[in-house]
Amino acid sequence: MRNYILCLTVFSLAVFAGCAQKVQRYGSVIGVKEDKLDKYKELHANPWPEVNSKLKDVNIQNYSIYLTQFPDGKYYLFSYFEYTGDDFEADMAKMAADPTTQKWWEETDPCQLPLANRPEGTWWKNMQEVYHLD
């Protein structure tokens, strides 16, 4: 009986470890041009299936983009997604090399206003997570 319980415990831990998924959460911000709001919202109300497929292919899930207006009258987009892969840089390079994604960005980028204080070589500015509750 004691060996049975030990085996069952080891099996349970192995199954649990196999189901555990590493998730990295990313939040970022960018400005959006007021005269492009309708176009930006329309694009995202009808996202291209190939773009959604590529996002999943590069291990991005639970992806949301929020729009808000600050008291200064400017509009901003806030994005949140979860990354489940093992090599974020390689996956982002894979997505950037995708011709359909490049065409999508040709539609969305002119709508956006990158923040002046973002790191060089980035478009959206990453935010620091200061709280999370599962």
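**Contacts and overall make-up**

I started with contacts, meaning heavy atoms within 4.5 Å: among those in the chain between residues at least 6 apart in sequence, 70% join residues at least 24 apart. This is a predicted model, where local features need pLDDT of at least 70 and side-chain atom pairs count only at pLDDT 80 or more, while totals for chains, interfaces and linings use all residues. Residues are numbered from 1 along each chain as its sequence is written, and side-chain values use heavy atoms, with hydrogens and water left out.

Next I looked up burial, where buried is under 20% relative accessible area, exposed is over 50% and partly exposed lies in between (1.4 Å probe, protein chains only). Of the chain's 134 residues, 27% count as buried.

For secondary structure I used DSSP runs, numbered from the N terminus: helices are H or I with at least four residues, strands are E with at least two. I get five helices and five strands, running α-β-α-α-β-β-α-α-β-β from the N terminus on.

**Strand S1**

Then I went to S1 (24-32). Seven of its nine residues are buried, so I noted S1 as mostly covered.

Which strands does S1 pair with? I count a pair if DSSP finds at least two bridges between the strands.

- With S3 (75-83), S1 pairs in the antiparallel sense over nine bridges. The partner of Val 32 in S3 is Tyr 75.
- With S5 (residues 125-127), S1 runs antiparallel and is joined by three bridges. Here Val 29 has Lys 125 of S5 as its bridge partner.
- With S4 (112-113), S1 pairs antiparallel over two bridges. Val 32 turns up again, with Gln 112 as its bridge partner in S4.

**Helix H2**

Where do the buried residues of H2 sit? I find Leu 37, Tyr 40 and Leu 43 buried. Seen down the axis of H2, they fall within an arc of 135 degrees, so they line one face of the helix; the arc is taken over directions from the helix axis to the C-beta atoms. The face turned away from that buried side carries the exposed residues Asp 38, Glu 42 and Ala 45.

I also checked the cover. What lies over the buried residues of H2 includes S1, S2 (60-69), S3, H5 and S4.

**H2 against H5**

I took axes as lines fitted to C-alpha atoms, for helices over the stretch in contact, with angles from 0 to 180 degrees between N-to-C directions. The axes of H2 (residues 37-45) and H5 (residues 99-108) come within 10 Å and cross at roughly 150 degrees. That makes H2 roughly antiparallel to H5, a label I use for angles over 145 degrees.

On the H2 side, Lys 39, Tyr 40, Leu 43 and His 44 make the contact; on the H5 side, Trp 104, Glu 107 and Thr 108 do. I sorted these residues into three nonpolar, two polar and two charged. My classes: Ala, Val, Leu, Ile, Met, Phe, Trp, Tyr, Cys and Pro are nonpolar, Asp, Glu, Lys and Arg charged, and the others, Gly among them, polar.

**Positive phi**

Most residues other than glycine have a negative phi, so I looked up the exceptions below.

Asn 59 has a positive phi of about 70 degrees. I place Asn 59 in the loop between H3 (49-57) and S2, partly exposed at 25% relative accessible area.

Asn 62 has a positive phi of about 50 degrees. Asn 62 is in strand S2 and counts as partly exposed at 46% relative accessibility.

Technical notes. Parallel < 35°, antiparallel > 145°, perpendicular 65-115°, else oblique.
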